[in-house]
Amino acid sequence: MERSVTKEFKGSINLDVRDSVSDWDAFLPDKAPKGAPNVLVVLYDDTGQASWSPYGGRINMPTMDRLAENGLTYSQWHTTALCSPTRSTFLTGRNHHLNGFATISESSTGFPGYNSHIPPSNATMANVLRDAGWATFWVGKNHNVPIDEWTAGASKKNWPLAQGYDRFYGFIGGETNNWYPSLAEDNHYIDQPYTPEEGYHLSKDLADQALKMIRDVKQTEPEKPWYLWFCPGANHAPHHAPEEYIAKYKGMFDDGYEAYREWVLGRMVEKGIFPEDTDLTPLNPMPDGTFSPSDEVRPWAELNDEEKAMFSRMAEVFAGFSEYTDAQVGRIVDYLEESGQLDNTLIIYCADNGASGEGSPNGSVNEGKIFGGYPDDETENLRMVDKLGSPDTYNHYPTGWAAAFSTPYKMFKRYTYQGGIADPLVIHWPAGMKARGEVRHQYHHSTDIVPTILEACGVEFPDTYHGVEQTPLSGVSMKYSFDAPAEGPTAKQTQYYEMFGQRGLWHRGWKAVSIHGPISGKGNFDQDEWELYHTDADRAEAHNLAGEHPDKLEELKALWMEEAKVNNVLPLNDLQILGNPKDFETFVAMEFHQPAPPSGQYVYYPGTSEVPERSAANTHGVSYKILAEVDLTPDSRGVIFAQGSRFGGHSLFIKDGTVTYAYNFLGIPPEDRISAPVPTSGKHIIGVEFTKEGMGPNREGLGPLKLYIDDKQVGEQKIRTILGHYTLCGEGLCIGYDSADPVSSAYPEPRFEFRGGEIQKVVFDIADDAYVDVEAHLAAAMSRD
């Protein structure tokens, strides 16, 4: 089937319009079939099955519970183990390597399966649904724009509007601050509409925007169905939530993550998610040397009382974040019911990978430290316990809770064990299914979502789209399972897995997994030891049968290689970018590099959008000069340039007749500030020069910072500079203002826009230094999943 671009004109054309017959149908878009459903896909981040109440978890999800009670809960639905890759499968219905999304956009490399550019042969479902008569909306997280297209001046052909969405409102990248997000609307970046002091939270804003989009369609074209992909920042770090939601969970996790695992498995059995004989896997299940030490779990009994209190509070904040966001989804569901749309809306409520272990064994109040290779200070963390979840923290819980929320499985996000790939999924569609409140055990995968939606909508995916022959869909429709027996056979036969070098393959009730942790730097893939599980009988992957069924294991290993070749999985990449210089150099040579000007000078102007950090002049771990050409008056005040947030960054600003350069090192007080009286009028050059003379124990840059006004040095002091990113996503370089969360606590107001003068330009000069020691920069990129 070919998707036609134009229709045949069936009127008649003669010399005189009076003798001619028009044909509007040739030019108007197709209409959806009568009675076609709306589609709402709610896709959370970083959530294991054992987190949420429909599966027996302690985190109350009233909206999801409501949908599960009137719909279906799936016990064996799977993802790719990582954010961008899973989301790419929701876009196209093809396996993640076929989409070029072996990993996240920020860590892409120049290979077919790893370049983060979805090929034209993998047209998106949104394009197909829009052509078939649906309104299409994407609200929330977008982690599928290639890194080379993040800037305002870049091509927008891989932004949501070009991928088939009529509207987009959300954020570009793997995460954002939920109190001060970096927002984009349609094809451009925007400022957040109001502040946390005025009641802002990202989850609330996203629900507001989603409701507006649906209402706009229904008031002008009430018969037109819509497809909405709603992707909140939850439950990805930073875990931010209103205090009243956090308070609901006070004391509920004081028994610790090991006790939670024992408790929740029993609850999951009661809910019918697992059979009664399901065994719990070990807390630290992998042999030493086969995985990253940062993924270890500290036994609860070995924590002191202060650590236990802090870890418990981190779980409380995560729970409050999740429930608060569920309440915002509830506002959408309530509106659908009030407007008579709920029964014929296919709702798919799920998460993109297992719980996140990226908080390290100790958790963090500022995860930027983790990804920048800078150790957390436990004393500092403890001091911030009462502020967890607020704008003052950028927090992530420890690995112990990742293991707990992925009960009863091994490991968590990034691993191809069940802990990384088995996720919650509830489907609700009263008009399209007879079952109510039942569990389905058929084995399925995120590639199956697109075929399911298309079958429910009565739309076929074209063989050719806009003249390009299409790759067949990788998944199968799940619609048959809506009214099938709970234990009925699955329509799926095979699904491969690969993430950062760890491999897995499920085939007809058996699964093989390599004992090779992601980003472990082990290499030697041909020497990997594999495990074998009979998942029909052992869903937790607790009993390795490799020794008992060697032939079955070899069969699955061979099948994995066949799938790998068909799906562009090779070459495997487990490069250990931290602590392994050779791997680091290999990765740097392959990653995308924003071309630098031959002069090493980057010129920026006022009145422009912020420049994403990966595309801005690099000031991480290097020497740099910054020169601002300004025309000053006695009333000049405000930010000349700023980059980063309260959790790390730098800024040059004028306040109270003083020019100040502030360097905020990972949010650790006090800020380094160097100041001088500012000239009161005329054209001047205000300059900053940092000379990296050495490195600290954690590879932070050390050296003198000098402040200049015109050709005169007016100040100098020693500072330390961040090796990794100022922020993981967003909070880019701004000229004449500071976006979102402020870099410096010295500002008298948000944004602190420059006024009372004029900024001509700001020049960043890095020509005298090389891009040195950026392991933490790469670690930050790898973390945005």
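Glu-378 is partly exposed, at a relative accessible area of 32%; here buried means under 20%, exposed over 50% and partly exposed in between, with a 1.4 Å probe and protein chains only. Please note that this is a predicted model, in which local features need pLDDT of at least 70 and side-chain atom pairs pLDDT 80 or more, while totals for chains, interfaces and linings use all residues. Residues are numbered from 1 along each chain as its sequence is written, and side-chain values use heavy atoms, without hydrogens and water.

Glu-378 belongs to helix α9, residues 378-383 (helices are DSSP runs of H or I with at least four residues, strands runs of E with at least two, numbered from the N terminus). Together with Asp-305, Glu-306 and Asp-377, Glu-378 forms a negative surface patch.

I turn now to the backbone.

Finally, positive phi values. Ser-116, not a glycine, has phi of about 65 degrees and lies in the loop between α2 (83-92) and α3 (125-131). Is Ser-116 buried or exposed? Ser-116 counts as buried, at 1% relative accessibility. Asp-710 has a positive phi near 55 degrees, in the loop between β26 (701-709) and β27 (712-721); Asp-710 is partly exposed, at 36%.

Conventions: Patch = residues over 30% accessible without salt bridge, like charges linked within 9 Å, V, L, I, M, F, W, Y side chains within 5 Å. Areas by Shrake-Rupley, 256 points an atom, 1.4 Å probe, with all protein chains shown as cover. Salt bridge = Lys/Arg side-chain N within 4 Å of Asp/Glu carboxyl O. Lys, Arg positive; Asp, Glu negative; His and termini not counted. Charge placed at Lys NZ, Arg CZ, Asp CG, Glu CD.
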